[in-house]
There are 2 protein chains.
Amino acid sequence: MLKNSEFVSKLRNSGLRPTKQRLKICEVLFNRDKTFHFTINELAKNISQKFDEKISLATIYNTIHAFKDKGYLKEITISSDKSYFDTNITKHHHFYDEDTNLLIDCNDNEIGKVNIKNNITGKKISSVEVLVRVASDTQNQN
Amino acid sequence: MLKNSEFVSKLRNSGLRPTKQRLKICEVLFNRDKTFHFTINELAKNISQKFDEKISLATIYNTIHAFKDKGYLKEITISSDKSYFDTNITKHHHFYDEDTNLLIDCNDNEIGKVNIKNNITGKKISSVEVLVRVASDTQNQN
DNA sequence: CATCAGTTTAGAACCATTATAAATTATATT
DNA sequence: AATATAATTTATAATGGTTCTAAACTGATG
């Protein structure tokens, strides 16, 4: 739950000008009690419902990518036709409900540490992501 | 390393007619010593290099999806703009080299069992996938 | 060999994302 | 405060991977 002035300094500190578009997007994304997941499409709808003045889709893409690059968002890839973003930027894993297309954060109690025993020579691990797909009992299993 | 007559029965057994296009694709995908990863694009190139008669891109998509549905291929999603397929259909995990965009299978020695302690009520786990992104030491970490 | 459902095909359509280039805005400078 | 600048926004076009369409073709069946 940050307020406007905090967004301004947050943006400025990372070399992004606090434009009114970016501040609106901050408000939608970060002025909340809980973290959440969204697609660009959902975000665009959300913004147009919340504000009178529209934000161009190009700006939404630009801003989300800038925020991702600055580490304010994580991108989660579920399938090639669906890209989700997550305002929870801590290391964590996900359940993906194939019936509802909803992402659910796992906490550490739910998935134990993933133990990676080998390295690729000369390479550093940049992330470890676990995706647990779930579906109602009647669905096919892979 | 299967041969042509084996592809014919493999296809017939799963209710797919053994057309010459499908048999060619089988040859490219399954007539090998080792499993491998590919994108549709790479596959299409591979086919056009190997055979004189071209196979329409639509047919390649249709066939790959049919093979995936029948369980002859797995799809691995790395990012929203890159969909990989894997001829290794056993349960396993992946390293993804961000420098070269290459996927590498993990064997069980490399990643221990992922321990999932909680379930989503009324849902069944349909898959558990671990993706370990790696990059050269100089790259950014997330 | 006639039939029919399954398959292939070229090309159009689709849709999410990115690029473009002109207008606008935030910030630094005078 | 006015000016200069670089950053940002914007509408629109372009892109690229994938799916759709509908006509032509092929494999299996009796």
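Me: What is the order of the strands in the open sheet of three strands in chain A?
Reply: The order is β1-β3-β2, and the pairing is antiparallel. Strands here are DSSP runs of E with at least two residues, helices are runs of H or I with at least four, and both are numbered from the N terminus. Two strands pair if DSSP finds at least two bridges between them.

Me: Before we go on, where do the numbers come from?
Reply: This is a predicted model, in which local features need pLDDT of at least 70, side-chain atom pairs count only at pLDDT 80 or more, and totals for chains, interfaces and linings use all residues. Residues are numbered from 1 along each chain as its sequence is written, chains are lettered from A and ligands numbered from 1 in the order in which they are written, and side-chain values use heavy atoms, with hydrogens and water left out.

Me: Now salt bridges. How many are there over all chains?
Reply: Eight. A salt bridge is a side-chain nitrogen of Lys or Arg within 4 Å of a carboxyl oxygen of Asp or Glu. One of them joins A:D97 and B:K123, with the closest N and O atoms 3.1 Å apart.

Me: Where do those two residues sit?
Reply: The pair crosses between chains: A:D97 is in strand β4 (residues 93-97) of chain A, and B:K123 is in strand β6 (residues 123-136) of chain B.

Me: Are A:D97 and B:K123 buried or exposed?
Reply: Both are buried. Buried means under 20% relative accessible area, exposed means over 50%, and partly exposed is in between (1.4 Å probe, protein chains only).

Me: Which residues are linked with A:D97 in a network of salt bridges?
Reply: A:D99 and B:K123.

Me: What does B:D97 meet in a salt bridge?
Reply: A:K123, at 3.2 Å from N to O. That pair also runs between chains, from β4 of chain B to β6 of chain A. B:D97 and A:K123 are both buried.

Me: What about B:K68, which residue does it meet?
Reply: B:E75, with N and O 2.8 Å apart. B:K68 is partly exposed at a relative accessible area of 32%, and B:E75 is partly exposed at 24%.

Me: New topic, the DNA. Which residues are closest to DNA strand C?
Reply: Of the 19 residues around it, A:R12, A:Y61, B:T19, B:Q21 and B:R22 are the closest. A residue is near a strand if one of its heavy atoms lies within 4 Å of it.

Me: What part of DNA strand C faces the protein, sugar and phosphate or bases?
Reply: Of its atoms within 4 Å of the protein, 81% belong to sugar or phosphate, and the rest belong to bases. A polar side-chain atom of A:R12 lies 2.5 Å from a phosphate oxygen, which is a polar contact (a pair of N or O atoms within 3.5 Å). For a base, A:R17 has a polar side-chain atom 3.2 Å from a base nitrogen of DNA strand C.

Me: Which element gives the most to the surface near DNA strand C?
Reply: α4(A), with four residues.

Me: And for DNA strand D, which residues come nearest?
Reply: A:T19, A:Q21, A:R22, B:R12 and B:Y61, out of 18 residues around DNA strand D. A polar side-chain atom of A:T59 is 2.9 Å from one of its phosphate oxygens. The largest share of the surface near DNA strand D is four residues, from α4(B).

Me: Last one. How many aromatic pairs are there over all chains?
Reply: 10. Rings of Phe, Tyr and Trp (its six-membered ring) pair if their centres lie within 6.5 Å; planes under 30 degrees apart count as stacked, over 60 as edge-to-face and the rest as tilted. The rings of B:F38 and B:F85 are stacked, because their centres are 5.7 Å apart and their planes at 25°. Both residues, B:F38 and B:F85, are buried.

Key:
A polar contact is a pair of N or O atoms within 3.5 Å; within protein, one must be able to donate a hydrogen and the other to accept it, and residues adjacent in sequence count only if both atoms are side-chain atoms.
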